[in-house]
Amino acid sequence: MNAYKKVMKQIHASEEFKSKMQKEMMEYELKEKKVYMKNIKLMAGSLIACAVIAVVALTNTNNDAALDLTERIVVDNSAPATSVMLNIEGFITEVGKDGLSFTLDNGMEVVVTDETKLGIDGPTAPPKEEQLFEPTFRVGNLIGGFTEDTSADPITAAVIYTNWNFENPIR
């Protein structure tokens, strides 16, 4: 009878093993389904996010807006640079008979002498032929210059940087 009990225990043990393995397989399949569903949800969510970004980007595209190029500007701090002070500026409304004196639209009367520097000079200045400077002073020209004495009447210009007519340039 011992042999019978022993065989019965083996059969009972194998059925217990079988049911235990079935239970573990069911749990494994459930985990696999959860991981698969999680991956599907993640892919669907990513696809929806991409679609939303694309729609927002397409609706916010405005072709009439000016480009902002400030991020592309490269500043070389080691390059020579200068700034000028302007205290003579305006449009010529009247030119004197000598051709070297004129009145600006703000009422300022300016005299250009032989000592007045004309144009822009220095290491960073553009070539003379590229500067906004006409050979004569005429009505309508935009003037930009500097004087050391702004209280004089008429003012004697130390430098005239710009003498240009944007409406009807000579050159």
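In what order do the 7 strands of the open sheet stand? The order is β4-β7-β5-β1-β2-β3-β6, with mixed pairing; two strands pair if DSSP finds at least two bridges between them. β4 (117-118) and β6 (155-156) stand at the edges with a single partner strand each, so one side of each has no neighbour in the sheet.

Before going on, a word on the model: it is predicted, with local features needing pLDDT of at least 70 and side-chain atom pairs pLDDT 80 or more, while totals for chains, interfaces and linings use all residues. Residues are numbered from 1 along each chain as its sequence is written, and side-chain values use heavy atoms, leaving out hydrogens and water.

Along the sequence the pattern is α-β-β-β-β-β-β-β, where helices (H or I, at least four residues) and strands (E, at least two) are DSSP runs numbered from the N terminus. Of the chain's 171 residues, 18% are buried, meaning under 20% relative accessible area with a 1.4 Å probe, counting protein chains only.

| Feature of S101 | Value |
|---|---|
| Relative accessible area of S101 (buried) | 18% |
| Polar contact, S101 side chain to D98 side chain | 3.0 Å |

A polar contact is a pair of N or O atoms within 3.5 Å; within protein, one must be able to donate a hydrogen and the other to accept it, and residues adjacent in sequence count only if both atoms are side-chain atoms.

Note on methods: Buried < 20%, exposed > 50% of the residue type's maximum accessible area, 1.4 Å probe, protein only.
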